[in-house]
Amino acid sequence: MGLSPGHIDGALRGSTDRASRENLQESILSTTLSAAHAVRTLLGLRLAALGLAAGQDRFLLALVPRGRLTVSTLADELAVRPSTVSKTADRLVDKGLVTRLLDESDARRIILELTPAGLALCRKVAEIGEEIDAELTASLAPNEVTHIQDSLSLLERTAHRRLRRLR
């Protein structure tokens with residue numbers, strides 16, 4: 001992912017030197033994707049023990065502050081399409097973690113609400129998140145943790161702004 005067209009052309013001609021290869025591996029996109037994949041895999045393994053897939057945790061946790069949200073509002077908060085929310089809701093309704101309600105003011109709108117079982121599972125999901133955070137930051141100094149959080153937040157905001165323009 002970190003390859004530029006010029007680097008690819010050079011590699012095809014056999015002229016890519018070691019420094020260029022090392023530089024390629026350090027692109028923001030490549031590093032971010034690699035880190036995200038590793039962390040999501042770690043999270044996925046822990047969530048599997050709860051019967052959840054990666055992504056379903058974010059869905060459930062997004063409902064906690066208000067208890068219920070419309071499909072479109074939840075899609076906006078998660079930066080996914082409403083169809084993705086609907087498919088995930090199907091799975092979580094089947095597990096008894098979420099219920100669907102009709103909006104009393106507009107029967108075309110669906111409201112998703114956590115069940116008591118869903119709320120209880122959210123507590124366990126939050127604990128897993130805290131455990132993983134502790135594991136990932138155990139060997140870091142507080143200022144390093146702050147720097148990583150600030151940098152990732154900036155990257156996330158930038159990517160979300162770009163996504164909003166493209167959708």
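1. The model under discussion is predicted. Glu135 forms a salt bridge with Arg46, and the closest N and O atoms of the two are 2.9 Å apart. The pair links distant parts of the chain, with Glu135 in helix α7 (residues 116-137) and Arg46 in helix α3 (residues 28-48), 89 residues apart. Arg46 is likewise partly exposed, at 25% relative accessibility.

2. The overall architecture may now be set out. The protein chain has eight helices and three strands. Read from the N terminus, these elements follow the order α-α-α-α-β-α-α-β-β-α-α. The chain has 167 residues, of which 25% are buried. Its accessible surface comes to about 11,500 Å², and carbon and sulfur atoms account for 56% of that surface. Among contacts between residues at least 6 apart in sequence, 51% join residues at least 24 apart.

3. In what order do the strands of the open sheet stand? The order is β1-β3-β2, and the pairing is antiparallel. The edge strands, each pairing on one side only, are β1 (68-70) and β2 (98-103). From one strand to the next, the twist averages 30°.

4. Strand β3 covers residues 106-114 and runs antiparallel to β2, with six bridges joining the two. A hairpin of two residues connects β2 to β3. Asp103 stands opposite Asp106 in β3, and Leu102 stands opposite Ile110 in β3.

5. Helix α5 (residues 71-78) lies across β1 and β3, and runs at about 95° to β1.

6. Thr88 belongs to helix α6 (residues 82-94). Is Thr88 buried or exposed? Thr88 counts as buried because its relative accessibility is 14%, and buried means under 20%. Leaving aside residues up to four places away in sequence, Thr88 touches Gln56 and Phe59.

7. The backbone at Ala79 deserves a remark. Ala79 is placed in the loop between α5 and α6. Its phi is near 60°, a positive value in a residue other than glycine. Most residues other than glycine have a negative phi. Ala79 counts as buried, at 16% relative accessibility. The C-alpha atoms of Ala79 and His160 are separated by 7.3 Å, although these residues are 81 apart along the chain.

8. How many salt bridges does the structure hold? There are six salt bridges in the structure. In general, side chains of opposite charge can pair when their charged atoms come close. One of the salt bridges is formed by Glu113 and Arg68, whose closest N and O atoms are 2.9 Å apart. This pair links distant parts of the chain, with Glu113 in strand β3 and Arg68 in strand β1, 45 residues apart. Both partners are partly exposed: Glu113 has a relative accessible area of 23%, and Arg68 has one of 40%.

9. A further salt bridge is formed between Asp90 and Arg100, with the closest N and O atoms 2.5 Å apart. Asp90 lies in helix α6 and Arg100 in strand β2, 10 residues apart. Asp90 is partly exposed at 37% relative accessibility, and Arg100 is partly exposed with a relative accessible area of 35%. Elsewhere, salt bridges that share partners join Arg46, Glu131 and Glu135 into one network.

10. Which residues form the nonpolar patch? The patch consists of Ile28, Ile148, Leu152 and Leu155, which together have about 360 Å² of accessible area. Helix α8 (residues 142-166) contributes the largest share of the patch, three residues. Leu155 is found in helix α8, and counts as partly exposed at 31% relative accessibility.

Methods: Residues are numbered from 1 along each chain as its sequence is written. This is a predicted model: local features need pLDDT of at least 70, side-chain atom pairs count only at pLDDT 80 or more; totals for chains, interfaces and linings use all residues. Side-chain values use heavy atoms; hydrogens and water are left out. Helices (H or I, at least four residues) and strands (E, at least two) are DSSP runs, numbered from the N terminus. Buried means under 20% relative accessible area, exposed over 50%, partly exposed in between (1.4 Å probe, protein chains only). Contact means heavy atoms within 4.5 Å. Accessible areas come from the Shrake-Rupley method with a 1.4 Å probe; for residues, only the protein chains shown count as cover. Patches are made of residues with over 30% relative accessible area and no salt bridge: like charges are joined within 9 Å, nonpolar side chains (Val, Leu, Ile, Met, Phe, Trp, Tyr) within 5 Å. A salt bridge is a side-chain nitrogen of Lys or Arg within 4 Å of a carboxyl oxygen of Asp or Glu. Two strands pair if DSSP finds at least two bridges between them. Axes are lines fitted to C-alpha atoms, for helices over the stretch in contact, and angles run from 0 to 180 degrees between N-to-C directions.
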